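User: Got a model here I'd like to walk through with you. Can we take it piece by piece?

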Amino acid sequence: MGNYVEISSVWVQVVGTIISAVANSSFDIFTSEQGDILDLYGNVLQAAGNAIQADGQETVTFEKIGAEIQAVGNVVVAGAFICLTDKVNTTLFVKGNWLQAFGALVEAVDEYFDNSGPKQPLNILGNATQAIGNTFQAIGGLQEQKNNLEKAEFLVISGSWIQAIGSILNAIGQTQEEISENNHSKHTKGEKKKNDIFTENRFLNYYSAANIAQK
């Protein structure tokens with residue numbers, strides 16, 4: 001069951017990153033206020049997905065820590081759309097994206113040094129790509145503070161889509177990993193059951209042979 005929960009969590013993150021990317025780039029479709037609300041929903045979904053992913057880890061790992069850091073970063077960014085002042089809004093946006101970038105890097109390092117199974121290049125690439133996307137967005141926020149609005153807009157929009165692409169790569173890799181682990185677990189249980197039956201039959205045959213010999 002845990003495998004499917006983790007798979008669901010990464011795809012919830014995908015939906016959240018795509019919603020945020022659309023919100024940041026669809027100026028002709030949404031008003032500024034509508035875009036902020038949509039971006040808020042996107043970050044809430046990302047935070048929920050990261051929190052579920054972290055909760056699904058039974059032991060404390062870098063993957064769990066990384067997911068928790070990203071969840072906090074998403075909450076901070078979500079708070080940016082609730083604040084009343086532009087200065088606080090931009091500051092929270094920058095800090096939240098730095099946190100998400102750091103969390104994604106922690107997860108990428110965990111996947112790289114994970115010796116529990118075969119390496120998952122899509123997970124490593126996906127998390128590293130998300131870190132780059134969040135870094136772009138954080139730098140975009142800094143440029144906005146300096147009133148370099150065109151540069152800020154380019155960095156935030158491109159960073160949003162880079163993050164979305166990274167989350168898709170990570171979700172595909174994570175899905176493959178969880179399905180592989182689930183199949184391995186079923187195979188192991190099947191082998192154990194087969195061995196138990198074999199042992200039981202051997203014991204019964206031995207017991208029957210012993211009774212015949214006594215008679």
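User: Let's start with two helices. Which way does helix 4 pass helix 5, left-handed or right-handed?
Analyst: The crossing of helix 4 past helix 5 is left-handed. Keep in mind that this is a predicted model.

User: What angle do helix 4 and helix 5 pack at?
Analyst: About 160°. Helix 4 covers residues 86-113, and its axis sits 8 Å from that of helix 5.

User: Parallel or antiparallel, then?
Analyst: Roughly antiparallel, because angles over 145 degrees count that way.

User: What kinds of residues make up the contact of helix 4 with helix 5?
Analyst: By class, there are 14 nonpolar, 12 polar and three charged residues.

User: Step back a bit. How many helices and strands are in the protein chain?
Analyst: Six helices and zero strands. From the N terminus, the order reads α-α-α-α-α-α.

User: What share of the residues is buried?
Analyst: 40% of the 215 residues in the protein chain.

User: And how many of the contacts join residues at least 24 apart?
Analyst: 70%, counting contacts between residues at least 6 apart in sequence.

User: Now helix 2 and helix 3. How do their axes cross?
Analyst: At roughly 160°, coming within 8 Å. Helix 2 is residues 32-55 and helix 3 is residues 62-80. The two helices are therefore roughly antiparallel to each other. Helix 2 goes past helix 3 in a left-handed crossing.

User: Which residues meet there?
Analyst: On helix 2, they include Leu40, Asn43, Val44 and Ala47. On helix 3, they include Ala71, Asn74, Val75 and Ala78. The residues of this contact split into 10 nonpolar, six polar and four charged.

User: Zoom in on alanine 78. What does it touch?
Analyst: Leu40, Asn43 and Val44, leaving out residues up to four places away in sequence.

User: Which residues make up the largest nonpolar core?
Analyst: Seven in all: Leu40, Val77, Ala78, Ala80, Phe81, Phe93 and Val156. Helix 3 gives the most to this core, with three residues.

User: Switching to the loops. Where is asparagine 147?
Analyst: In the loop between helix 5, residues 121-145, and helix 6.

User: What is phi of asparagine 147?
Analyst: Near 65°. That is a positive value in a residue other than glycine.

User: Buried or exposed?
Analyst: Asparagine 147 is exposed, because its relative accessible area of 62% is over the 50% cut-off.

User: On to helix 6. What does isoleucine 157 contact?
Analyst: Asn24, Ser25 and Phe27, setting aside neighbours within four places in sequence. Isoleucine 157 itself lies in helix 6, which spans residues 149-214.

User: How many residues separate isoleucine 157 and valine 22 in sequence?
Analyst: They are 135 residues apart in sequence. In space they are 8.7 Å apart, C-alpha to C-alpha.

User: Last one, valine 15. Where is it found?
Analyst: In helix 1, residues 2-25. Valine 15 is partly exposed, with a relative accessible area of 43%.

User: And what separates valine 15 from isoleucine 168 in space?
Analyst: 9.1 Å, C-alpha to C-alpha. In sequence, valine 15 and isoleucine 168 are 153 residues apart.

Methods
Residues numbered from 1 in each chain as written. Predicted model: local features only at pLDDT ≥ 70, side-chain atom pairs only at ≥ 80, totals over all residues. Heavy atoms only, no water. Axes fitted to C-alpha atoms, helices over the stretch in contact; angles between N-to-C directions. Helix = DSSP H or I, 4+ residues; strand = E, 2+ residues; numbered from the N terminus. Parallel < 35°, antiparallel > 145°, perpendicular 65-115°, else oblique. Left-handed = near helix turned anticlockwise from the far one by under 90°. Contact = heavy atoms within 4.5 Å. Nonpolar A, V, L, I, M, F, W, Y, C, P; charged D, E, K, R; others polar. Core = buried A, V, L, I, M, F, W, Y, C linked by side-chain atoms within 4.5 Å. Buried < 20%, exposed > 50% of the residue type's maximum accessible area, 1.4 Å probe, protein only.
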